[in-house]
Amino acid sequence: MGLPFLSQQARKKDQVVAIDLGNRVTKAVYLQKKGEKDSLARYVLQEAPVYEKGFSADVLTDHLKLVSQSLDARTRQVTISLGVQDSILRNTEMPIVPVSDMRQMLKFNTKNYLQQDLPDYAFDCFVMAPREGRPDAPRATKFKVWVGGAKNNFINEVQRAVKNAGLLPDMVTLGLLGPANAFEVALPDVFKKEVVALVDIGFRNSTISIICEGELMLSRVVGIGGDKLTTGLAESLGTSYAEAEGIKIGMPQEVESSLQPLLSPLGRELRASIDFFEHQNDRAVSQIYMSGAAARSEFMIQTLQTEMMVPAKMFNPVESFDKSLSPQQMAEVEQVGPQLTVAVGAAISTF
């Protein structure tokens with residue numbers, strides 16, 4: 001479910017570049033299609049300038065040039081994934097009409113469908129067809145629809161920056177969809193047959209997506225991310241932000257008493273989302289897959305698992321890919337793989 005706001009897809013692709021515009025770090029991947037297999041050719045993790053300078057098309061242009069040079073891809077077409085701070089993803093019910101008509105209905109009456117006025121937004125829709133076997137499916141007059149949106153001005157600025165960087169905007173999509181798209185390809189049997197939660201811990205926010213037998217049932221943004229954990233740890237230890245970041249990832253067991261109370265609010269918020277889904281659907285989440293930089297820490301996974309009361313493990317979306325990486329990237333990819341989840345998901349939706 002790509003939910004593209006902009007899509008130039010005219011043919012099947014054998015190579016894709018996807019860039020995840022993160023708050024603190026931009027993640028980009030260059031994937032190639034080799035027969036039936038996806039191959040990871042290169043990846044980039046680049047400090048995002050918007051963290052220091054604020055967003056502008058000129059700043060983003062220079063940044064995208066650096067990312068593109070580092071990827072050294074054989075295609076100029078790129079898919080851009082927007083962060084949760086710059087986009088929305090909501091579910092609603094809409095009449096059974098073409099998607100183009102749904103976009104128009106949302107444009108002129110967002111409050112009716114999304115319970116919020118969102119002027120000057122671009123929207124796209126993904127229709128969830130009724131499940132087979134449901135007795136009411138033939139009589140349905142409305143469909144469940146996932147609606148993605150972002151401000152027109154912001155999308156236009158991103159497209160302008162992409163073009164000014166010498167690249168071609170192929171698709172603009174949502175970071176919120178990245179984990180689900182990546183998970184579907186990495187673990188297709190689990191995706192289709194089980195009820196799982198995907199938790200991606202970002203810099204300022206974390207997201208949780210619940211998949212039930214191949215269907216996205218819940219998507220929520222939690223305003224707690226790695227930045228809040230590092231800031232709290234620095235204050236608790238009386239140390240610098242940079243030192244606290246290194247301790248958080250490299251030596252978390254040594255500061256358990258300081259990290260635990262910082263992680264607990266995040267665990268409670270994620271557990272509340274799981275409770276909501278389970279009560280609404282009478283289905284239990286059996287496993288949690290965690291991605292993002294914090295997922296590299298076994299201590300953090302175990303602490304959040306205790307709060308969420310569901311088995312949790314790290315999710316590495318590139319583990320099953322063929323890899324034609326440089327020796328240095330090959331040595332590092334298992335470590336950084338969980339951070340590439342959103343970028344991989346964006347690339348997958350473009351193939």
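Mentor: Let's start with a definition: the rings of Phe, Tyr and Trp (its six-membered ring) pair if their centres lie within 6.5 Å, and planes under 30 degrees apart count as stacked, over 60 as edge-to-face and the rest as tilted. This is a predicted model, in which local features need pLDDT of at least 70, side-chain atom pairs count only at pLDDT 80 or more, and totals for chains, interfaces and linings use all residues. Residues are numbered from 1 along each chain as its sequence is written, and side-chain values use heavy atoms, with hydrogens and water left out.

Trainee: How many aromatic pairs does a search of the whole structure find?

Mentor: The search finds four.

Trainee: Why is the pair of Y121 and F123 called stacked?

Mentor: The ring centres are 5.9 Å apart, inside the limit for a pair, and the planes meet at 25°, under the limit for stacking, so the pair is stacked. Both Y121 and F123 are also buried. Elsewhere, F183, Y289 and F315 form one aromatic cluster.

Trainee: How do you know that C125 is buried?

Mentor: Buried means under 20% relative accessible area, exposed over 50%, and partly exposed in between (1.4 Å probe, protein chains only). C125 has 9%, so C125 is buried. C212 has 5%, so C212 is buried too.

Trainee: What makes the contact between the side chains of N316 and E334 a polar contact?

Mentor: A polar contact is a pair of N or O atoms within 3.5 Å; within protein, one must be able to donate a hydrogen and the other to accept it, and residues adjacent in sequence count only if both atoms are side-chain atoms. The side chains of N316 and E334 are joined at 3.3 Å, which is inside that distance. A polar atom of the N316 side chain also lies 3.2 Å from the backbone nitrogen of V318.

Trainee: Where is N316 found, and is N316 buried or exposed?

Mentor: N316 is in the loop between β14 (312-314) and β15 (322-323); helices (H or I, at least four residues) and strands (E, at least two) are DSSP runs, numbered from the N terminus. The relative accessibility of N316 is 5%, so N316 counts as buried.

Trainee: What makes a space a cavity rather than a pocket?

Mentor: On a 1 Å grid over the protein atoms alone, a cavity is a set of points where a 1.4 Å probe fits but cannot get out, while a pocket is an open set with protein on both sides within 12 Å along at least five of seven lines; lining residues have an atom within 4 Å of a point. Grid points are joined across faces, edges and corners, and a volume is the space filled by probe spheres set on the points. By this rule there are two cavities of 30 Å³ or more.

Trainee: Which residues line the largest cavity?

Mentor: V17, I19, S68, L71, A73, T75, V78 and L167 line the largest cavity, which holds about 50 Å³ of space. Ala, Val, Leu, Ile, Met, Phe, Trp, Tyr, Cys and Pro count as nonpolar, Asp, Glu, Lys and Arg as charged, and the others, Gly among them, as polar. That gives this lining six nonpolar, two polar and no charged residues.

Trainee: And what is the volume of the second largest cavity?

Mentor: About 30 Å³. Its lining includes K13, Q15 and D170, and has three nonpolar, four polar and two charged residues. K13 sits in the loop between β1 (6-7) and β2, and at 11% relative accessible area it is buried. A polar contact of 3.5 Å joins the side chains of K13 and D170.

Trainee: How many residues line the largest pocket?

Mentor: There are 35, of which V25, K27, I201, G202 and F203 lie nearest its centre. The pocket has about 720 Å³ of space, and α9 gives the largest share of the lining, four residues.

Trainee: Why is D282 called exposed?

Mentor: Its relative accessible area is 70%, over the limit for exposed, so D282 gets that name. D282 lies in the loop between α10 (256-281) and β13 (287-292), with phi near 55°, a positive value in a residue other than glycine. Most residues other than glycine have a negative phi.
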